[in-house]
Every structure is written in C-alpha cells, then in structure tokens.
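Open the model in your viewer and keep a selection panel at hand. The stops below say what to select and what is found there.

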Amino acid sequence: MIQDLIDLLRIIVFPGFLFFAVLGLFFEWIDRKFYAKLQNRVGPLYAGPWGLFQPFADFVKLMAKEDIVPEGADRPLFSSIPVFALALSLFAVLFLPVCGAQGVLSFEGDLIVVTVILTFFVILVFLAGFSSASRYPGVGAERSVLQLLGYEIPLVASVLGAAAVTIQTEGSLQIKSIVETQSSWWSILGIQALGFAIFLLAAQAELERVPFDIPEAETEIVAGWLTEYSGKKLALIRLAKDIELAFLCGLGATLFLGGPQPILPGFVGALSSTIIFVIKSIIVLLILTIIRAAMSRLRIDQMVNFAWKYLVPISILQLLLAVMVPRLIVI
Amino acid sequence: MSVVDIPIGPQHPAIKEPLNITCYVDGEHVVGAKLRIGYNHRGIEKAGEYQTYIQNLYIAERICGICGIVHAFCLTQATEDIIGKEIPKRADYIRTIGLELNRIHSHLLWLGVAAHEIGFDTLFMYVWRDREMVMDVIEDFTGNRVTYALMTIGGVRRDIPQEKAERILKVMDLLDEKVRKYKKMCLDERTIRMRCDGVGILRKEDAIALCAVGPTARASGVPFDVRADDPHAAYDEIPFRVVTYDTCDVTARLLVRIDETLESISIVREAIKRMPSGPVRIRVPRVVPTGEGVGRTEAPRGEVIHYVRANGTERPFRWKVRAPTLANLLSIPVMLTSRGDYVVNIADVPITFASIDPCLSCTDRAIRFIDVSSGKSWVWTFSQIKRMYWRD
Amino acid sequence: MPIFGDVLKTAFQKRATLLYPFEKRDVPSDYRGKVEIDYNRCVGCGLCVKDCPAAALELVTLPSGNKKPRYYLARCTFCSQCVESCPRKAIKMTQFYELASYNRRIEVVEPCGISY
C-alpha cells in the first residue's frame, strides 16, 4: 500500500509529471533569456523575478483564450493531438534518471523505447498538420516528415554510440547501466565527443529549432503545423514542447555527461543527484541555444542534403569507432 | 502531385505590409506566382490637391515611413522646378546629407529584415541595434527620428552647425566599421550564403524589360542610378561609385545594398567636408505659377518620380507619385517562377520578395475595380467618377 | 562562422535595451516635442492655422474680441511648420514628448493660457 503510494507520487509529483512540467517551463525561460542575452536584448522581464514566470504566464493566458477548430478539420484527431503530445512527452521523461541511476521506469532495452518515442513525436506533428486541413499546416507536416528522414538515423546512431560500451561489456541496452558505466569516466571525454555533437544537431532538428525549424518556419509558412491551433490546445502543445526540450537536454546529459553522476568523478558532494542532473541538462540547453542564435534557417532540401551527405556518414563512422575503440583498448 | 495554390498575404508574418502573392506550388517547388496589390490605398494624391504646397510637404513625408526625406525632397524639387528659382548651394549639400543618411538607415533596416526572413534573428537584432546610431544622428540633425520635416520649398529648414557635423562624422566612422563587419559576416556565413546564392534570379535582360529600378536593377548588372545619370542636389560635385553586381540573385542585392551603405557613408563625409557656407533657404511665394514640374531622385529602393501640375493657386492641381516598389513589383513573378534548372522553393519566396525591399504603402495608388463574383475588372476615369459621385 | 565569436562576446556585454519608463535617454536640444504658444506675443494673424497640415490649430475669438489659436495636441504631427510661419515668434517646440493621457480634454490647449 505505502509502496504503491510512493510509486504514484514518484510518477505524478517527483521526479515525474509535475517536476518535469515545471522544469520544462523553467528551461523555456532559460532558453528565451539566454537567447535574448546573446542578441543583446532583455528577454522576459516582468512576470516574476527576471521574468521567471513568463512561460507559466503564457501558458495560463493561452488556457484562457478562445479555442478555434477550423471548419474543415478532422475534429476528433485535431483535438486529441495536443493531449497525445503532452502524454507522450510526459511518458518519455519517466525514463530519465533524475534521482539515482535509474528513472521511474527502467527495464532492459528502455533506450530503444526512448528512441521510438522520439519518432512518435514526428508522427503526431504530421497528424496535427494533416488533420488541420489547411495549406500551411499541410506544408509544415510534409516538411517535418522529410526532416525526420534526415535526422533520425544520426540521432539513433549517436544514442547507440553512447550505449556501445555497455552493449559490449554487459550486453545491456538500459539507461541505468549506461549511467553506471560513466561513474568514473563520462562518455563525452573520448570518442563520444563526436557523438555528442551529432546528438546536439539531431536534437535541434527534433525540437524544430533554428537552423532546423523548417516545419514551423515563421516567415515562410506562418507557424507550420501549429498554424491552426489556438487556446487550450496550443497551450498544451507548447507545454509538451517545453517538456520535450527538457527531455532531450536531459537525455543528452544522461548519455554523454554522466547523468546524475557527480560532477567530479569520485567526488561525493553535498549536491544531490537531482541538482547535478539539472545542472548538466542546463549545460546542454545552453549549447543548443548558442546553436540557435548563430545560424539561419536552412531550406528543407538543403537540410536533407546536409544530413545525408555529412551527418549520416559521420554518425555511422562515429558508431563504428565507438564499437571498435573500446575493443582495441581491451585487446 | 497536383498544383496547389498557397496564398502569402495579405496577412502573413513574412510580409510586413498588405499584399497578396498567390504561389502555385507543386510539392515544394513554386511553378508560378500572381501578385495582387491595392490593400493599402490611402488617397494621398487626392488629399494633396486640397492642401497648400507647404502642407503637402508633410503629407509627402508620410508616403513612406522609411524614405520620408526622399519624398519630401522630390516634391520640393518638382515645385521648385515650376517656380524656377535656384536654391542656395549649402541647402543642396544639406539635402544630400539628409538623403544619404536616409539611405543608410533604410539599407540597414532592410538587411535586418532580410536576415529575419531567412530565420537569422541574431543578425537582425545586431543590425537594428547598430541602425539606432544613424537614427539618433537623424534625430539630432532634423529633430525627429522618423518624420524629419527637413525639406521646404526653397531650401532646407535646418542648418548643420559645426558641432552637429562633427557628431555625424563620428557616428559615420563607427558605422563604417560595423557595416564592413556585416559585409564580411554576410560573405562568410555559410547558412546565409546557402539561403541567398542563386535564389531569386532576375536576368539582366528581364530587369531591363521589366523596368526594374534601384538596387534590384543594379544587382542584375544594370548601372542605373538617378544620382549619377541625372545629378541633382549636390551629387554632381561629390564623387561616388555606382555599385553593380552581376550574379543577379539575392546575394547580389544584399551586397549591392551593403556596398551602397558604405558608399553613402563616404558621400556624407565628403558632403560635410565640401559644404560651402551661406544661407540654407530662400523665401518663395506661397502661390506657385501655372506650370508643370517633375522631381526625381534615387530613393533607397530605386527611382522616385513626383509630378506636380500647378494652376496658379496655393494648391496643386494634380500631384502624382511613382514610388520605386511599383516598378520593381513586376519582376517578382519572374523571380518566383521555376523554369528549367532554376528551381524556386516555398522557402525562397519570402527572401525573394523581400529582396526588392518592397514598400507597399508607397506603392498603392492606382485602383482597379474587380467584381469578385464575375471576375470582371475595370478602371473608372476621372470624368466618370466625377459624373457619378460629385455633386456641385 | 564569423558570427559565432560575436554571439559569444555579446553574452558578456551589457544589453542594448533601455528599460524605458525607468531609464530615459536624452533628446536633442532642438527636438520637436509638444508645441508651446506664448499668447502674450501672439497677435492672432492666423498664419499658423493656415499652414498647419494636420488642422491641429484653430482660430477662436476670445470674449475680448481678439483672435487666438487653440491647440489640439492629439492632432498635432510635430512638424513645427507653425513655428516657422509665426511672424511674431510666439510659438516654440519643447523637449516634452511623453504626451499620452486618458483625458482627451487635457490635450486641448485653450488660448486663455490654462489647459484643463
């Protein structure tokens, strides 16, 4: 009974849904504030100290706004996409090892589930654009699937590269064992630096941020697949995207920066594992924001071209190296 | 896949002013485009017929929020053409400085907008931050940031005293450095080049046939610049280079504008150096004698023409404005149509359209009536309108 | 990527934005702000009213029989043509630019010299 209650709390409050909803909004604030800083602007300022509550205020405001469904839209599908998106992103975060080496959900092969979830987001995006029955969302949906063809292989390859050591030593594809193998040596400090770079680019594409914000390119197709969403639905989608941002930053931190492992190897500090995890995620987020600030949007054909000409070969090379090098060292 | 039409505008984030481009799209490729303007007709020319010449100066300035000095200058030029009096030399130089400061601010504004169109918001913010310097100089010199009220018939209203001239020169030095940095940035930044090279091609013969003007024409290798071809104000005494590029694409238009900004900076410096002393205006009568006058100058976007017909009263009988965007709009459908190896993507539409630096509030003056249900369209002549609506 | 260095450098710079109502920048000494009419100098010739492009000035007859301009702030475009037209130099532009108000009547300056 007590154990059930604790499990429920773990799922709903910490480190589950509520924690990640707050973390997602906080990450959006960091992203906006740092982006503004890089552009010599102020960024969010008035809601709360330094505008800290701005994303939350936006969320509340959108919840109160009028909710419009376009006349020709596929109503059930159109209305359920935001809920599915939020559910999917909340499901994904349960796998992250926020406190301790394993997440709320942890089983053999959960890394594969995580990569599948990443692909599901794109399917939702496609369905959202498709069910809007409008031209801009249609183009946006088409682009998002095309973009998936470009970045999915590098993303999976970089994730697998991070898991290469555990696969070989333990035959395990579990996030928990990946975290544990990094207790003395983070995987970014080595061959995985290349994998980390590929992961960052692919994450940027997955999150639809510059230079890969092609599916929702504002100046081209208004808001892409999001164009017809308004009110509560838009609020839920935005929250889902914020949580997805936190999730991908966390995944990067877990796979490459050692997740909740202490900052200095072997250093058992006063910092609890949660704080270490969040700090590492923020480092990933700041790198993503710098990428966003320093580039312009690519065209969809250029993106796919770039992905297949450079990103895919490099990621496969990276995977090969990740498999070969530890074996060489062992030999 | 069949051809789908995607409407861009009249309300669209890429287009800051109302205009409709209907793109016919096959997959991601644009196979044709149709333009519709006329959402922003303000009846300025008609308003000008009811106001005196002096009042019209301030209306002319509001034709365009960006090149206000240019329109006011053109109207004074046309009016002075009718009156037929020489204006003092110093006024000519101050006008030149005003026109060039206007050009610098307009080109920097355009660079920011273009960066935003290709999703490069950081460059957009940086350019607009540095544009504030020239805005501050203009405010210092004319008394306001946007509506300058600098020109008057018979000269200019404000002199540039020594200390202001020094302030202008100081800012010009700062800007020179910044603009050179942006030029380097635009040339070296991979993602910008990827988005601009070979996009929005307007071949030289098309540019000539479609009467493109300004930077759009010069980027297609047509060395047409009213400042050099028909020198007015002090342009005949200040040496400058007509910037042309011949790659005919968006990159060429980008570089033409950046180089012109540098050129403008050197013109301002030169004008301040050579400025003669003396009065800045002459008194002219309020009543303009009967006659016709034309004023033309090179606005940041191309050639502006003002035509004024006077009938011996305080008010013009007819005032006609031809803004440069009207001339450049015709080349948009050509740039946006894929043909042969030249492919236009949907993603290229905003930057291609922005590359002519459209200013629609300047442009919308002619009205064509269209019956939406039958598709019939017609134009009413002046006498027809008079017969139908005027009662006297 | 040449902008990369700039982006990183900007992270350590002070922001360019002014927090307007709290931080104000100086306007030039000859800025064209709110119009001020010196009714003692004004002789009521009406030249300013004639030249005003925005009809912001209106000639009213005072009980004493004198004519003076009434100034509508909300219509004014701050071109300072009236300053130039005035033969008695009774009109001048001030540096005052924060002119928004909830009360439309505040924005009318009456010739008796009080604005209410």
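Is C:Val83 buried, exposed or partly exposed? The model is a predicted one, and in it C:Val83 has 18 other C-beta atoms within 10 Å. A buried residue would need 20 or more and an exposed one 12 or fewer, so C:Val83 is partly exposed.

Stay on chain C. Select helix 3, residues 81-85, which holds C:Val83. Leaving aside residues up to four places away in sequence, C:Val83 touches C:Ile91, C:Lys92 and C:Met93.

Next, show chain A and chain C together. Their contact is made by eight residues of chain A and ten residues of chain C. On the chain C side, the classes are six nonpolar, three polar and one charged.

Hide the rest and colour chain A by secondary structure. Along the principal axes, the C-alpha atoms of chain A fill a box of roughly 65 × 50 × 45 Å. The radius of gyration of chain A is 20 Å, which agrees with the value near 20 Å for a compact globule of 331 residues. Of those 331 residues, 52% are buried. Counting contacts in chain A between residues at least 6 apart in sequence, 79% join residues at least 24 apart.

Bring chain B back beside chain A. Here the contact takes 25 residues from chain A and 24 residues from chain B. To find the chain B side, select strand 1 (4-8), helix 4 (89-117), helix 5 (121-142), helix 7 (190-196) and helix 14 (348-354) of chain B, each of which supplies at least two residues. By class, the side of chain B that touches chain A has 13 nonpolar, six polar and five charged residues.

Last, the largest nonpolar core. Which residues in it touch the most other members? Out of 239 residues, they are A:Ile243, B:Cys23, B:Ile69, B:Ala114 and B:Val268. Helix 10 of chain A (residues 231-256) gives the largest share of this core, with 16 residues.

End on B:Cys23. Beyond residues up to four places away in sequence, B:Cys23 touches B:Asp5, B:Ile6, B:Ile8, B:Val30, B:Ala33, B:Leu336, B:Ile346 and B:Val349.

Definitions and conventions. Residues numbered from 1 in each chain as written. Chains lettered and ligands numbered in written order. Predicted model: local features only at pLDDT ≥ 70, side-chain atom pairs only at ≥ 80, totals over all residues. Contact = placed C-beta atoms within 7 Å. Helix = DSSP H or I, 4+ residues; strand = E, 2+ residues; numbered from the N terminus. Nonpolar A, V, L, I, M, F, W, Y, C, P; charged D, E, K, R; others polar. Core = buried A, V, L, I, M, F, W, Y, C linked by C-beta atoms within 7 Å. Rg over C-alpha atoms; globule rule 2.2 N^0.38 Å.
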